[in-house]
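Student: Could we go through the contact between the two chains together, step by step, with the cut-offs spelled out?

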Amino acid sequence: MTLVTGGVYALLAIGFSIIFGNARVINMAHTGFFMLAAYGLWYFTRSLGIDTIWAILITLPAVTLLGILAYRFLINPIREHLAAVLLMTVALVLAFQELMTTFFKFHYRLLPNLIPGFTEILGVRVLNQHLLTLGIVAVVIVIVWLILAKTKLGIALRATAQDAEIANLMGISVPRTLMITMGIATALAAVAAVAVAPIWTIYPTMWTAPLVMVLVIVVLGGLGSVKGSIIGAFIIALVEELVTNLLPSSSYLSTVFAILAMVIVLSVRPGGLFGVIFEEERL
Amino acid sequence: MLRRLFKDFRWGVLPVPGRLIAIIFFVVLFIFPLITDKPSYMYILTISSLLVIFAVSWDLLSGYSGQVNFGHALFFGVAAYSSALLYKYLGWQPWATIPLGTLIATGVGVVTCFPALRLRGPYLSLLTMAFPLMLLGLVMAFKDYTGGEFGISGLPEIAATRLGEYYICLAVMTAAVLIMWKLTDAGSKYVRTGLIFHAIREDEIAARASGINTIRYKILAFVIGGFFAGLAGALYAHVLGGAGIASLSMTMSFRAIIYVVFGGIVSIYGAVIGVYTLYTLLQFLGVGQANFIGQNQILIMAILVILILLFMPEGLGVWVRDKIERECPRCKLSNGFWRRECRACGASLH
């Protein structure tokens, strides 16, 4: 269970982290896309009765496209104004939430497991759905890692993250790179939604809890660091599960302990575990 | 005295449309009950006054001194809960619980700024965001004392009628806004905090190099922000008649950000404009009616914010000010949009 939650958090945190690292945008709408994708999946399978595979194939590109469009038309024009960008993402996610509430009403929705049954591993029964989720998460993380490390696009992305101006001088189209970043990030959020939608319930404010966790993870691991996000995600998921299992009466405290872990790490290392402390840009 | 006030008005306010509008606005607020005193309108305006205090205090802390705080609801919620708890367990009346709640929130401001002082930029924002959520977890965990998700209710009102409440909150709001405006005024001759906050925001290292104890002023910013947000929170608890988990939620923290950035960050009037357009206006249009605005308030607010930001990324208030005022390039005095040369030094404004 820790692995599943951790994996999903890791996917979300990587997306959030690369947007922040590249575009310096704190994207509060990140889990909003996660919510949208979960709703899309639910809508296509339960309301329209489309096959699950097709639903996934429609939802993923649609949400990714939405993310890219949102970046291109809403965030890009005001990128110089940091406060405005932050507020824009907040407004965006509120709009998503309200639209979903209007269309689908405030109900708790459930999706059936993508594959039924369970497997016994070392004497412990594991739901096949959890295994599948874990598989998706692992594959996607490896793919992202490969893209970032091996391809030309990955080099461009990392160069932009290091220094956008110099990257621009080296012939990398920074606005296009940032748009691709946003696309990758939203796609990751959508994949996370697909992986986890059958396990979690779907409701219009489902974005807040993961958002808090993602922020905690990203800060814990260090902003802009993919490795940090992955490790942070598993640490936080472990803390969460431990608290829920050891103190079942006070599951509300899981957030408290997760945040406590972050505060401890931050007070020892102000830049997170693997973060780079960005030099203050002095003009 | 009177003559001096008149002179200030004639030469300091009349030629600057922004100041004139601000004064007219406050006068209208004070005589608003003469136009209508429907309790529901009074209630909305009372809440707006408290939100103004809350939003302006966020602007002071995050806009002026640059310590961007994503968890401003912490101060608000702590004050609301502490005044509610003081009433519930000790039976104290509002005149005692409100100042004490405010003081406790101020103390919380001091405590939170210690871990926050080590951090910068986004790390600071995200850390501060965590505190109210932590407290929220504690509130839910100790349900027996705090009432859990239902909160504490049954608090006494601060005044017998809605009208009385309205005037108390309005007066407090006016005073708070004036004080915060003076504290952040970089050109002031008497208080240096405004100038120092600006310096810390623009370049902390340079400020420290100029002999400013930046740590002390950052703590001061947290204290002032916590004090006024706490004041708003304690009053809010008494106006509402109770303290609930909504006052500590992330939504509450974001509300401050939404109002301030919408109106224009680093400007006191921006926060006021933000609250009165996004909260008061929408509530007035949708209050008690089953019409479209009443039902989709958050959606409309979100879309309004998106559209306004696209065209005026600096905020509505700043955009309007730039349209109606012109700053003299030589002496930095603001002039009405109709003037061709500066009213003080005669320099051309083009």
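Tutor: A salt bridge is a side-chain nitrogen of Lys or Arg within 4 Å of a carboxyl oxygen of Asp or Glu. The model is predicted, so that local features need pLDDT of at least 70 and side-chain atom pairs pLDDT 80 or more, while totals for chains, interfaces and linings use all residues. Residues are numbered from 1 along each chain as its sequence is written, chains are lettered from A and ligands numbered from 1 in the order written, and side-chain values use heavy atoms, without hydrogens and water.

Student: How many salt bridges are counted between chain A and chain B?

Tutor: Under the rule for salt bridges just given, which requires a nitrogen and a carboxyl oxygen within 4 Å, the two chains are searched for such pairs. The count between chain A and chain B is 0.

Student: What is the area buried between chain A and chain B?

Tutor: Buried area is the accessible area (1.4 Å probe) that two parts lose on being put together, summed over both. Carbon and sulfur atoms give 82% of the area between chain A and chain B, and the total is about 3,800 Å².

Student: Which helix gives the most to the side of chain A that touches chain B?

Tutor: Helices (H or I, at least four residues) are DSSP runs, numbered from the N terminus. The helices α3 (52-75), α4 (82-104), α9 (208-221) and α11 (253-268) of chain A each supply at least two residues of that side. With 13 residues, the one that gives the most is α4(A).

Student: How many residues of chain B are in contact with chain A?

Tutor: Contact means heavy atoms within 4.5 Å. Chain A takes part with 46 residues, and the number in chain B is 39.
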